[in-house]
Amino acid sequence: MTNRTGILKNSPLIYALASIRFAPWPLMAQKIDEIQDDLREITPLINKIHMRHIGLGGQFLPKIDDATPAQWVLTSSDRSYGFILAPDQLLFFSKKYTRYADFASIIEKGLIVLLKHMRFLDITNIGVRYVDHIKVIEGKKPSDYITANLLPAEFPHLEMMGGISMESYKSKEAELRVRCTNQSDVPSIPEDMIGMIAMIQEPGQPFELELLKSNEILLDIDAVKAYSTYRMNETSDILNQLEFLHKEANAFFRHESVCTEFAFEIWKGSVQ
């Protein structure tokens with residue numbers, strides 16, 4: 001049996017995210033220059049974006065309009081990771097996730113700077129999210145990678161065209177939100193992330209959205225914990241909550257009832 005722990009050489013992970021929502025801080029716009037200067041060593045690029053809500057799917061797209069709420073995008077020079085700051089949220093994203101310790105170390109730097117200016121956070125929601133784009137090798141099918149628990153039901157007299165499952169589970173103190181998409185010609189990233197992807201694009205570059213192919217799967221696992229309000233003024237408190245949520249999401253992904261033995265053989269590099 002394949003060892004499911006440790007780094008996956010051929011990991012299907014395309015995005016790792018951590019979100020901290022808190023009671024609105026009206027001074028964010030006034031302090032953003034100082035915050036960015038404190039973080040300039042790791043996120044030297046900054047862009048101010050105004051957002052507007054569109055569609056029933058909950059997606060956002062950039063709009064330059066001073067009447068709409070502002071967000072600030074602080075990214076690394078290669079745009080592989082960064083922070084999106086709003087008056088009520090700190091969102092960290094990474095496109096080059098390898099291990100959680102490295103992921104958390106950058107979040108820690110952002111939290112130290114934010115707490116330096118804000119002093120404390122009245123947290124309302126906190127979450128860790130992993131998005132995997134699973135590409136099925138030739139001769140195999142989605143069920144060779146994902147168990148039947150998350151795939152559409154199959155019927156002998158019908159041809160399977162694909163489908164989307166959305167499930168919620170309670171695990172200890174967290175909620176797990178799981179979305180599995182196995183359907184061609186739908187976006188290869190979750191709809192609610194399209195605005196974020198557009199925001200971190202290099203200016204002047206066309207925004208191209210890749211679509212899933214027939215034998216590809218999008219597995220989106222989000223571990224979330226909500227609070228009425230929970231005041232935190234220590235970086236370690238927040239990091240402990242994020243690590244707990246990471247463990248919940250990671251344990252789900254690596255559980256034998258979610259992904260198959262063959263999938264982990266591929267991702268571990270045991271099978272070519």
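In this predicted model, strand S4, which covers residues 70-75, pairs with strand S5 in the antiparallel sense over four bridges. Within this pairing, Leu-74 stands opposite Phe-83 of S5. The two strands form a hairpin with five residues between them, and in the turn Arg-79 has a positive phi of about 60°. Ser-80 has its place in the loop between S4 and S5, and it counts as buried because its relative accessibility is 6%, where the limit is under 20%. Leaving aside neighbours within four places in sequence, Ser-80 is in contact with Phe-93, Ser-94, Lys-95 and Lys-96.

On its other pairing, S5 is joined by six bridges to strand S6 (residues 89-94), and these two strands also run antiparallel. Here Ile-84 stands opposite Leu-91 of S6, and the hairpin formed by S5 and S6 has two residues between the strands. Strand S5 itself, residues 81-86, is mostly covered, with six of its six residues buried. Both of its faces are covered: Tyr-81, Phe-83 and Leu-85 are buried on one side, and Gly-82, Ile-84 and Ala-86 are buried on the other.

In soluble globular proteins, nonpolar side chains tend to be buried together. The largest nonpolar core of this model has 64 residues, and those with the most contacts inside it are Ile-20, Tyr-145, Ile-146, Leu-219, Ile-238 and Trp-267. Helix H2, residues 100-118, gives the most to this core, with ten residues. Apart from this core lies another one, of 18 residues, among them Tyr-15, Met-193, Met-199 and Ile-200. Returning to Ile-146, its contacts beyond four places in sequence are with Ile-134, Leu-151, Cys-180, Ile-217, Leu-219, Val-258, Cys-259 and Thr-260.

The buried residues of H2 are Tyr-100, Phe-103, Ala-104, Ile-106, Ile-107, Gly-110, Leu-111, Val-113, Leu-114, Leu-115, His-117 and Met-118. Just after the helix, Arg-119 takes a positive phi of about 80°.

His-246 is found in helix H4, and its relative accessible area of 10% makes it buried. Between His-246 and Ala-23 there are 223 residues in sequence and 23 Å in space, C-alpha to C-alpha. Glu-248 lies in helix H4 as well, within residues 235-254, and counts as buried because its relative accessibility is 11%. With neighbours within four places in sequence left aside, Glu-248 is in contact with Ser-171, Lys-172, Ala-174, Leu-176 and Ala-223.

The charged side chains complete the picture. Side chains of opposite charge can pair when their charged atoms come close. A search of the whole structure finds 13 salt bridges. One of these joins Glu-34 to Lys-31, with the closest N and O atoms 4.0 Å apart. Because Glu-34 and Lys-31 are three residues apart in helix H1 (residues 28-38), about one helical turn separates them. Glu-34 is partly exposed, with a relative accessible area of 39%, and Lys-31 is likewise partly exposed, at 26%.

Asp-122 forms a salt bridge with Arg-231, the closest N and O atoms being 2.8 Å apart. Since Asp-122 lies in strand S7 (residues 121-135) and Arg-231 in strand S10 (residues 216-232), this pair ties together parts that are 109 residues apart in sequence. Asp-122 is buried, with a relative accessible area of 19%. Strand S10 also holds Lys-225, whose partner Glu-173 sits 52 residues away, in the loop between strands S8 (162-171) and S9 (174-183). The side chains of Lys-225 and Glu-173 meet in a salt bridge of 2.5 Å, N to O. Lys-225 counts as buried at 12% relative accessibility, whereas Glu-173 is partly exposed, with a relative accessible area of 49%.

How values were computed: Residues are numbered from 1 along each chain as its sequence is written. This is a predicted model: local features need pLDDT of at least 70, side-chain atom pairs count only at pLDDT 80 or more; totals for chains, interfaces and linings use all residues. Side-chain values use heavy atoms; hydrogens and water are left out. Buried means under 20% relative accessible area, exposed over 50%, partly exposed in between (1.4 Å probe, protein chains only). Contact means heavy atoms within 4.5 Å. Two strands pair if DSSP finds at least two bridges between them. A nonpolar core is a set of buried Ala, Val, Leu, Ile, Met, Phe, Trp, Tyr and Cys residues joined through side-chain atoms within 4.5 Å.
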